[in-house]
Amino acid sequence: MTRSATMRAVQVRSFGFPPEASLEERAVPEPGPGQLLVAVRAAPVNYVDLLTMRGRYQFKPALPYVPGKCPAGVVIAVGPGVEGFRVGSRVLTMAEYGGYGEALVVSERSAYLLPDTLSFSEAGAMSLGFDTAWVSLRDRARLVPGESVLALGASGAVGGAAVQLARAMGAARVLAGVSSPDRYADLEALGADGMVDLSRPELRESLREQVYALNDGQGVDVVIDPLGGDPFDGAVRALGWRGRLVVVGFAAGRIPSVATNYLLLKNIELSGIQISDYRKQMPELLDECYREIFSFHLDGRVVAPPAVTYPLEAWQSALEDFEARRVKGRVLLTADLPG
Ligand SMILES: NC(=O)c1ccc[n+]([C@@H]2O[C@H](COP(=O)([O-])OP(=O)(O)OC[C@H]3O[C@@H](n4cnc5c(N)ncnc54)[C@H](OP(=O)(O)O)[C@@H]3O)[C@@H](O)[C@H]2O)c1
């Protein structure tokens, strides 16, 4: 099949609320040495995309740019010197930008071959949530089999992945923190042993009470926290002796503070994760991460979260529905540039 000379992509021309952005036609780029040209098949929509487009993220790309992290797709051309990939290879990319387009160029070091068992949509739905949760559990929290884990925001991408991965990694007890009880129904089948209801009043105390009631009267060893705000305040108090809490994000809206004497009094650790930096600084750890995630998937120990797909041209509706929390599961943009 002849490769298309042009492609469509969402171009952000200025940051703002709303940003100046539209779907535009542009030339398909050529891959350079060590690079792959990937036709996007499924690109996840993430909160960080909105923050970046509005100029409110800590990293600002040079304008104009195409949003969209870590899409899955098929290799349609390879640059000189590429060895591990060929035209037709199915890949998950670790691209920082470019997913909201029909094609993008990535370094071969930033791509993973997809197992045959994983569809593009499944890979796109797992992208960013699973690697963030994996690194949080394995490297930041140093989870040991037999320990207990509380995953906050468990109906979301990172929290849901943390529930499944903690179970697959051998956690003895996995608690799921959800914004309302109706969000818990599907999580039991994915490995959750109990629900922590974040809609209860006075979370500072009521979160700890719920954890103790579900965990033999003790705090948990590990908390994965993509929420911040009141859930964080409660979760710090719900850590057991030598417990570790990993700060992932602030989906609840408030960046919380903590009195450091509390860390000393309870022998607890707080750490944070920035997955983009892990990709740049420790690519070999990300290799291990995806090897294990793919192998867990093959064994049936983790599954991709449900996803709702939008064609690329409906990118604005996709972002609106995502931000309004109207969609259950992941939001994916799909494209089908031939190649
Ligand atoms: N540090 C990193 O490297 C990294 C990587 C990935 C993500 N993140 C950040 O982590 C956060 C979560 O990401 P995600 O991809 O998991 O997002 P997501 O899929 O949109 O899920 C967000 C979760 O937060 C919950 N939530 C939102 N507001 C809440 C509130 N006020 N109280 C309780 N729960 C609330 C949602 O519950 P409902 O189901 O009820 O809506 C959902 O479970 C974001 O801030 C994102 O930017 C950071």
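Let me start with helices H3 and H9, which in this predicted model are roughly perpendicular to each other. The axes of helix H3, residues 129-140, and helix H9, residues 283-298, come within 10 Å and cross at roughly 110°, and because angles from 65 to 115 degrees count as roughly perpendicular, that is the word I am using for this pair. On the H3 side the contact is made by Phe130, Asp131, Trp134, Val135, Arg138 and Asp139, while H9 brings Leu285, Leu286, Glu288, Cys289, Tyr290, Glu292, Ile293 and Phe296. If we sort the residues in the contact of H3 with H9 by class, we find nine nonpolar and five charged residues, with no polar ones.

Helix H3 also packs against helix H4, residues 157-168, and here the angle is about 55°, with the axes 8 Å apart. H3 and H4 are therefore oblique to each other, and their crossing is right-handed. From H3, the residues Gly129, Phe130, Thr132, Ala133, Trp134 and Leu137 meet Ala157, Val158, Ala161, Ala162, Gln164, Leu165 and Ala166 of H4. This contact of H3 with H4 divides into ten nonpolar and three polar residues, and no charged residue takes part.

The residues in contact are Leu203, Arg204, Leu207, Arg208 and Tyr212 from H5, together with Asp230, Pro231, Asp233, Gly234, Ala235 and Arg237 from H6. By class, the contact of H5 with H6 has five nonpolar residues, one polar residue and five charged residues.

Let me turn now to the ligand. Which of the 21 residues around the ligand come nearest? They are Ser155, Ser179, Ile273, Ile275 and Arg325. For Ser179, an N or O atom of the side chain is 2.3 Å from an oxygen atom of the ligand, and for Arg325, a polar side-chain atom lies 2.5 Å from an oxygen atom of the ligand. Ala251 takes part through its backbone, where an N or O atom lies 3.3 Å from a nitrogen atom of the ligand.

I will finish with a few points of backbone geometry. As a reminder, most peptide bonds are trans, and most residues other than glycine have a negative phi. Against that background, a cis peptide bond joins Phe17 and Pro18, with omega at about 5°, and Pro18 has its place in the loop between strand E1, residues 6-14, and strand E2, residues 20-27. Another cis peptide bond joins Leu63 and Pro64, where omega is about -10°, and Pro64 lies in the loop between helix H1, residues 47-53, and strand E4, residues 72-78.

Conventions:
Residues numbered from 1 in each chain as written. Predicted model: local features only at pLDDT ≥ 70, side-chain atom pairs only at ≥ 80, totals over all residues. Heavy atoms only, no water. Contact = heavy atoms within 4.5 Å. Helix = DSSP H or I, 4+ residues; strand = E, 2+ residues; numbered from the N terminus. Nonpolar A, V, L, I, M, F, W, Y, C, P; charged D, E, K, R; others polar. Near = heavy atom within 4 Å. Polar contact = N/O pair within 3.5 Å; in protein donor to acceptor, adjacent residues only side chain to side chain. Axes fitted to C-alpha atoms, helices over the stretch in contact; angles between N-to-C directions. Parallel < 35°, antiparallel > 145°, perpendicular 65-115°, else oblique. Left-handed = near helix turned anticlockwise from the far one by under 90°.
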